[in-house]
Amino acid sequence: MGSYAHIFFALGLTMMGARALAQQEPVAQQHAEKAVQFAQQGDLKNAESELRKAVALSPGDANLLTSLGGILGMEGNLQEANTFLSKAVKLNPQDPAARRNLAANQWQLGRLKQARDNLDLLLRSNPQDKLATFLLGMVSEKEKAYSRSAKLLESVPDVMAQQPDGWVALANSYYHVSETEKARSALQHLMGSLPNARVAFLGGQVSMEAGDYSTAETLFRSARSGYPDRSRLEFEIARAEYRAGHVTESEKTLLESVEANRATSDGYVLLCRMLSAEGSDVRALRIAGQAAQAYPDSAEVLSTKGSIELKLQYFNDAVASYEKAAALKESAEAAQGRATAQWKAGMRDRAAAAFEEAIQKYPRDAQVYQAYGAVLLEDESPQSKQKAIELLKRALTLDDSLVEPRYELANIELAAGNPEQARSYLERAIQLNRNDSRLHFALSRVYRRLGREADANNETDLYQKLKAAEQAGARSNP
Amino acid sequence: MQTGGKAGENLFTDITVSAGIHWKHTSGESKDRFLIESMGSGVALSDFDQDGLLDIFLVAGGETPGAKNAAPPRNALYRNLGGGRFEDISAKAGIARLPFYGMGVAAADYDNDGFPDLYITGYPSSGLYHNNGDGTFTDVTAKAGVSNAGRWGASAAWIDYDGDGRLDLFVANYAKFSFDGPQHCSYQVEPTYCAQTAYEGEPPRLYHNNGDGTFTDVTANAGLAKLVGRALGVIAIDVDGDGWPDLFVARDASPNLLLINKHNGTFEDAAMSAEVALNMDGNARAGMGVDAGDVTGNGWPALVVTNFNDEQHALFVHPGKFPFEDRTALSGLARLTKFFVGWGAQFLDYDNDGNLDLVLVNGHINEVIERTRRDVSYREPPLLLHNDGRGNFESMAQLAGPVFQRGFRGRGLAVGDLDNDGKPDVVFTCLNDSPVLLRNSVMDAGSWIGFQLQGTRSNRDAIGAKVIVSSGGRKLVRWITSGGSYLSSRDKRLIFGLGRNAAEQVQVEIHWPSGNVQTVLGLAPGRYHTILEQR
C-alpha cells in the first residue's frame, strides 16, 4: 500500500457504503455487492476482481467506475485507478465523491495542479466539503504552500481526528512557517491520540528535516514498538541523536545495531565518522572493516574506510579502498580521496594525474582543488608551491566558506614574510570556524610578528583551550 | 657551492669491525611489543681513563618479561687503544650490568675530580656511576639520591644551573610505563608498538649537586614538577645570551620545552612564545633527538630536533631574539628528512670549513610500515648534511660512504674525535644490533683548532662555556653543551674548522660558566689546546 493508501481506504469504504450500487445490470449488481463484502473484509484483491467483472458488464456505470478506481487506489495501483476515476468523473461530473476520489488519486500521483483544480471545483460548489478541504490541505502541503495548508487542515478537526498523516502534514506546514511549538503540539497530539509506528516515523522525518532533532529523536524512539524496518529506524534514531548533540547515545544506538547485525550502510558510515572525529580511529577502522564486509558494494562505506585509513596513515590500504569506491560510484569525494591517498602512499605521478582528471570531471568542486593544493604544498618545490597557491585560491573562488585554503595561504604568506596578508586570511578563517585550534595558533604567530604581543598571547590562550578540549575528547574515546 | 667532498672519496669509513667492536644492543623485543623495546639506547664518548684517547660507552638496553636471554644484556666500555682499536673493559670496570633497563647516558665529571662519571638512565630507575680514576666505577646512586625511582628516564644533561661550579643533573623522563599489562596495538593482525600517545607523560627531574657526593631533588622548587610530557631529548645551552645555562627539551607528542634559567633556582618555559614548542599547525611532533649550534654564523645557537616521518626534522634558527625562525623548509631539512624517523642528531664540522654540518640517524619502530606505504622504510639510512654556512643543507649521501646508503634501526649518536686528527668521527647505536663506528676520512678537510677546557671556578668540564674563535676575518662561536642528540653524550672537546685560509695564529675568547671571560692569543691551529680557567 502507498503511504497514504489508508486515506483511500477510509474514503473508499465510506464511499462504497454510501453509494447506491449499480441498478441497471443485475449481474453487475451482484458482483458489486460481492465487492463490497470483500472490501469490508479487507480483501481488496477479490473486491477488485468483482468490480472488474461488474464494470465489464456495465461499463457506463459511473458508480462502478468510481468504486473500482477507489479499490485500485487503495491497492496502490494509482495509474489504473486514475483511468477509472477520470472516466467516472467524465460520465458524472456532478458526482462529488467521484471527483473527490479522483483528486485524492491525483494528489498521490503527484499531479498536484490537477488535484487542486478538482478540489477547487468541489469547494466552489460546496465550501463545507470537509473531505475536499482536508485533501486540499494535503495538496497544499505537497505544493509547499505551507501557510494555506496549515489553515485548511486546522479547519477540519473532525476529519483530522481520523487522519494521522494529516497531523504529520500539519506539523510539517507549521515547521515551515516557523511555528515550531505548534508543530511539536501537532506531533504530540498525534502520538497521544493516534499512536502508530509508521506515522511516528513520518513525524520523525518531518522533524529532522525541520532541524528539530530532539523531537525527531522522541518520535523515532516511539516507533520502536511497531515499525517494520528496524534497521532503518535505528539509523534514524542514531542520526537524530547525533544531530541533537547526543553523540554518546548515538554511538550506543549504532553500536547496538552493529552487534545485532542490523546496521544500515548509512549507519555504519555515521558511526565510523563519529568515532574518527573523536580520534578513535583504530576502532573506527575495525567497524569500517565490518561495514565493508556487510556492504561490499557501498561506495560510501568504502570511501569512509579509505578516509580513516588515510588518517591512520595506512596509505596503501586507503588507495585500495578509494579505488574500490570509485569503481562502484564515481564522485568527487572518491576521486579526491583516491588521489590524496595515492600521493600520501608515494605514488605521486599517479596522484597528480588523478587530481588533474578530477578537476576535469568536477571543475566546480572546490574540495578537489583544496585537496590537490594541500598535497602539492608537501612537495617543497617552487613550482609545486606556485601551483598549490593557484589551486587554493581557485577553491576559495568556488566556495568562499572554506577554511582550509585560507589557512594554507596564510601559512605561505607568513613564511614569505607577509604577516598582514596572513592576518587577513586567518581572521576570516576564524570567523568561519572559531573552534579550530590551528587557526588561533597560526594567528598568534602572525600577531607576534606584527608586534601585537597581547593579541598574540590571547590567541595562544585560545589555542591552548581548544587544543586541550580536542585532546580530552580523543582521550575519552581510545 | 662547495660540497665538502670530492667524487671518489668516502667521507666516512665504517671501522666497527676493524676497531674490535663486537657488542650488540639488547632490546628485549617480544610479542608484547612493550614500547621500551623500540626506543634503543645511547652512547657516550669520553676519555674515561684520561689517557688522551676518547673511549666509548654503550648502554645495554635490557630484557622484557617475554624475552629473557641466557646471557643477560650488558653495557660495553670500549677503551681506546689508539690506532683505531678498542677493548671492552666493562666487566673489569664494574660497569657491565645494570639493575634496570638501560636507555641513555650522560658523561661528565660531577665531582670535579678530573675523571668523567656516568649517569645512566632507564626504567624503572637510573644510576650514577662514579669514575674512581683507576679504571673502575662505583654505583653511588643510592648515596647520591639520584635514582629517579619509578620513572622511565630517557636523556639526561649535566648543567650548572645555579653557577656554583658544580654540575647539577637534569633528567628527561618519558612516559608512565609498566611491564604489567602491556598495551596491545596491531595492524591488521600483526602486533605493533602502540603510538606514544597511549602512554601518559611524566615531569622531568632536576637534582642539585650538593658538592658532597649527594644531590637534592629540586624539581618542584625549580618550577619543573608541573611540566608533564613525554620528554626524550635535552640539551643544556645558554639560548638568551645572559650567561646562564638554559635547557631545551624535545618531547614526543608533547610540546617541546624551552626552560629559561631565571637565575634564582627556577626555570620558566618560553617554548610557546619562542615558537619552538610545536609545528606550524600547533601540533606537537615526536621530538626525539636535539642539538644546538650556530649554523648561520650569527653567533646564536640554532636548534635541530628529530621527529617522525612526515613531520620533518625541525630547524629553529635563533635570529638574536625570540621568536626563533622555523627554517625547516627553507633550510632543505623538510625535503631531506620527510620520510625518516629521526633519533640521534649532532652538529659537526666534518670538513672543517668552519660551517656546522649535521649528522643524524634514522629508523622506524614498526616493520609493518612498509606494508602501509611505499615511501617509508623500516630500516633507514643515516644522513650527513652539508651546511653552506647560511643554514642551507644538502645531503652528502653519494659521497659520505656506504653506511649512508644502507638502512639501519639507528637510535643514539655521538660525535667525537676518536683518533685526535682534528676531524670529528661518529658513533651511532642500532636497535638490537651492533653500533657503527665511522672514522672521518675527509681527504682535504680544512685547517682546524681544538680545545679542551678545564674549569676552576667553573665546573671542571666547562659545560656551559661559550667559545669564540677569530681567524681569517671570521668569528666562529661554539658552546660546550651537555645532553644533546638522543640518549647520548658527545666529546666535550671543541673542534673549530678554519677552512682553507686559516691564519697562522688564532685568537680564542672563552666565556666561562662562572662569568669569567678569558682571551688567549697566538694559538697555533692543527692541534688541541688545553686551557685552564684563570682564577
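Tutor: Happy to. In chain B, strand S2 (residues 43–46) and strand S3 pair in the antiparallel sense, over four bridges. Keep in mind that this is a predicted model.

Student: Okay, which residue stands opposite B:Leu45 in S3(B)?

Tutor: That is B:Ile56.

Student: And how many bridges join S3(B) to S4(B)?

Tutor: Three, and S3(B) and S4(B), residues 76–82, run antiparallel.

Student: Are the residues on the two faces of S3(B) buried or exposed?

Tutor: Buried on both faces: B:Asp55 and B:Phe57 lie on one side, B:Ile56 and B:Leu58 on the other. In a regular strand, side chains alternate between the two faces of the sheet.

Student: Nice. Switching topic: how many residues of chain A are in contact with chain B?

Tutor: 18 residues of chain A, which meet 14 residues of chain B. Helices H20 (315–328), H27 (437–449) and H28 (453–475) of chain A each give two or more residues to that side.

Student: Which one gives the most?

Tutor: H27(A), with five residues. The chain A side as a whole divides into five nonpolar, six polar and seven charged residues.

Student: Last one: at what angle do H25(A) and H26(A) cross?

Tutor: Roughly 160 degrees, with the axes of H25 (residues 404–415) and H26 (residues 419–432) coming within 8 Å. That angle makes H25(A) roughly antiparallel to H26(A). Residues making the contact include A:Tyr407 and A:Leu414 of H25(A) and A:Tyr425 and A:Leu426 of H26(A). The contact residues divide into nine nonpolar, one polar and three charged.

Note on methods:
Residues are numbered from 1 along each chain as its sequence is written. Chains are lettered from A and ligands numbered from 1 in the order in which they are written. This is a predicted model: local features need pLDDT of at least 70, side-chain atom pairs count only at pLDDT 80 or more; totals for chains, interfaces and linings use all residues. Axes are lines fitted to C-alpha atoms, for helices over the stretch in contact, and angles run from 0 to 180 degrees between N-to-C directions. Angles under 35 degrees count as roughly parallel, over 145 as roughly antiparallel, 65 to 115 as roughly perpendicular and the rest as oblique. Two residues are in contact if their C-beta atoms, placed from the backbone, lie within 7 Å. Ala, Val, Leu, Ile, Met, Phe, Trp, Tyr, Cys and Pro count as nonpolar, Asp, Glu, Lys and Arg as charged, and the others, Gly among them, as polar. A residue is buried if 20 or more other C-beta atoms lie within 10 Å of its own, exposed if 12 or fewer, and partly exposed in between; C-beta atoms are placed from the backbone. Two strands pair if DSSP finds at least two bridges between them.
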